[in-house]
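Subject: Structure for you to look at, with notes

Dear colleague,

Please find the structure below, together with the sequence. My notes follow it, and I would be glad if you read them with the model open beside you.

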Amino acid sequence: MKIAFTATGTSWDATIDPRFGRTDYLVFYDEDKDELTSVDNREIVNVTHGAGPKTAQLIYDHAPQILITGNGPGGNAAAILNRTQLRIYLGAGGMTLRQAYTAYKENKLPQGG
Amino acid sequence: MKEIVIISGKGGTGKTSVTAALACVSRSRIMADCDVDAADLHLILQPRILSREDFYGGVKAVIDPAACVNCGQCGVICRFGAISHPNGNYEVDPLDCEGCGYCQQICPAGAISLPQQKVGQCYISDTRLDCRLVHAKLDIGADNSGKLVAKVKRDARQTAEDGQLDWVLVDGSPGIGCPVISSLSGADFVILVTEPSLSGLHDLERVWSLTRNFGIPGGCVINKADLNPGVSALIGGFLARENIALIDHIPYDEDFTRAMTQGISLVEYDPQKWQPRFARIWSHITKELT
């Protein structure tokens with residue numbers, strides 16, 4: 001399973017960025033390979049409008065099965081992501097990635113989308 | 001540190017009056033004015049600017065007359081009628097250009113560039129209350145954006161972190177568009193200020209559908225509540241169905257206008273009358289968050 005996180009940094013100790021479209025980083029955890037990779041999304045501060053759909057495109061390109069985030073995507077981004085098989089878990093804002101992953105594994109995060 | 005966003009859906013419900021009053025009854029907070037199209041919190045807080053920064057918004061097309069081959073294709077495809085050739089040269093009217101970049105895509109001579117536009121300035125200021133204000137001023141014709149709101153909020157959070165403050169109070173903008181989405185993003189609580197008119201209720205429903213989608217808890221202040229008891233009751237029913245806390249219903253009061261005309265908050269205008277009321281509202285909100 002490949003899991004995406006919206007994050008303010010790139011390690012397991014980074015905190016979840018509660019924002020979807022304007023998240024600083026996307027971090028991907030590949031459970032099969034036990035491998036953590038990340039994409040720097042900070043260029044998004046230069047996007048005037050439509051940050052959500054741009055980040056949704058980035059998610060689509062990396063094709064994770066799970067997204068763990070804080071507030072969840074806005075309407076336009078959600079319309080894109082709903083076309084994919086992605087399952088979205090919310091309410092992880094402020095947790096570290098490790099805490100959020102554990103909370104997801106223990107079914108403690110509400111599912112959105 | 002917790003972030004509280006004050007929005008209304010409909011404009012003119014008393015959002016900024018409520019925000020300014022909350023600024024007076026709270027402590028350990030920073031204010032952020034994200035209603036950049038019609039910023040007015042500064043009229044009450046009277047900021048002394050500590051730092052300023054140019055802000056760059058979207059792009060606009062510019063045609064290099066030396067490279068232009070006068071084929072006119074850009075003028076034909078522009079959906080906004082922004083390109084004309086008044087003096088024999090093709091020119092872009094910056095007020096009409098939306099910066100979509102279609103003209104640059106099709107220009108056979110590569111004569112069109114899309115430079116970023118300076119659209120205003122962002123400020124961090126001291127105010128006459130013991131709190132800082134992060135705000136922005138747009139140039140004429142420039143519009144608010146998710147980008148600008150994100151910038152104002154980022155600066156506010158940073159200032160709050162540096163000063164170890166507990167609260168960021170964000171005055172949001174009306175509507176449900178990009179700036180509002182950006183102001184909700186990352187917020188811990190939303191205060192919905194509404195009024196008992198049909199458009200007040202309608203816009204409350206719309207903005208709540210956005211807020212609910214983000215999973216952010218909210219509470220509602222019905223302002224001018226006695227002006228239309230029928231619609232007030234409809235709003236009450238909506239709040240109950242959606243599990244939104246009714247924080248207060250404030251009767252119509254011309255103090256709102258009088259205080260605003262004098263450039264002060266309600267709490268300063270008549271402390272005896274308004275201080276306890278807004279202190280109660282503030283304690284209601286902080287209890288929801290602890």
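Leaving aside its neighbours within four places in sequence, which residues is B:Ala32 in contact with? Before the answer, please keep in mind that this is a predicted model. Beyond those sequence neighbours, B:Ala32 is in contact with B:Val134, B:Val152, B:Lys153, B:Ala156, B:Val168 and B:Val170.

Chain B as a whole

Chain B has 290 residues, of which 46% count as buried, and its secondary structure comes to 11 helices and 13 strands. The C-alpha trace of this chain spans about 70 × 45 × 35 Å along its principal axes. Among the contacts in chain B with a separation of 6 or more, 76% are between residues 24 or more positions apart. The domain assignment divides the chain into domain 1 (2–57 + 121–288) and domain 2 (61–114), and the C-alpha centres of these two domains of chain B lie 41 Å apart.

The sheet of chain B

In chain B, 9 strands form an open sheet with mixed pairing, in the order S3-S8-S9-S2-S10-S1-S11-S12-S13. Its edge strands, each of which pairs on one side only, are S3 (48–59) and S13 (245–250) of chain B, and neighbouring strands of the sheet are turned by 20° against each other on average, if direction is ignored.

Within this sheet, S2 (residues 29–33) and S10 (residues 167–171) of chain B are paired in the parallel sense over 5 bridges, and B:Arg29 stands opposite B:Trp167 in S10(B). Helix H5 (residues 146–162) of chain B lies across S2, S3, S8 (116–126), S9 (132–138) and S10 of chain B, and it runs at about 160° to S9(B).

Further along the order, S11(B) pairs with S1(B) in the parallel sense over 4 bridges, with B:Ile7 opposite B:Leu192 in S11(B). S11(B) is also joined to S12(B) by 5 bridges, and these two strands run parallel; here B:Val190 stands opposite B:Gly218 in S12(B). Why can S11(B) be described as largely enclosed by the rest of the structure? The reason is that 5 of the 6 residues of S11(B) are buried. Helix H7 (residues 198–213) of chain B lies across S1 (2–7), S11 (189–194) and S12 (218–223) of chain B, running at about 170° to S11(B).

As for the contact between the chains, 17 residues of chain A are in contact with 14 residues of chain B. The side of chain A that touches chain B has 5 nonpolar, 10 polar and 2 charged residues.

Two backbone angles to look at

Most residues other than glycine have a negative phi. A:Ala63, however, has a positive phi near 50°; this residue lies in the loop between H1 and S4 of chain A and is exposed, with 12 other C-beta atoms within 10 Å. Likewise, B:Asn243 has a positive phi of about 60°, and its place is in the loop between H8 (229–241) and S13 of chain B. B:Asn243 is exposed too, with 9 other C-beta atoms within 10 Å.

With best wishes

Conventions:
Residues are numbered from 1 along each chain as its sequence is written. Chains are lettered from A and ligands numbered from 1 in the order in which they are written. This is a predicted model: local features need pLDDT of at least 70, side-chain atom pairs count only at pLDDT 80 or more; totals for chains, interfaces and linings use all residues. Two residues are in contact if their C-beta atoms, placed from the backbone, lie within 7 Å. Ala, Val, Leu, Ile, Met, Phe, Trp, Tyr, Cys and Pro count as nonpolar, Asp, Glu, Lys and Arg as charged, and the others, Gly among them, as polar. Domain bounds come from an automatic or database domain assignment. Two strands pair if DSSP finds at least two bridges between them. Axes are lines fitted to C-alpha atoms, for helices over the stretch in contact, and angles run from 0 to 180 degrees between N-to-C directions. A residue is buried if 20 or more other C-beta atoms lie within 10 Å of its own, exposed if 12 or fewer, and partly exposed in between; C-beta atoms are placed from the backbone.
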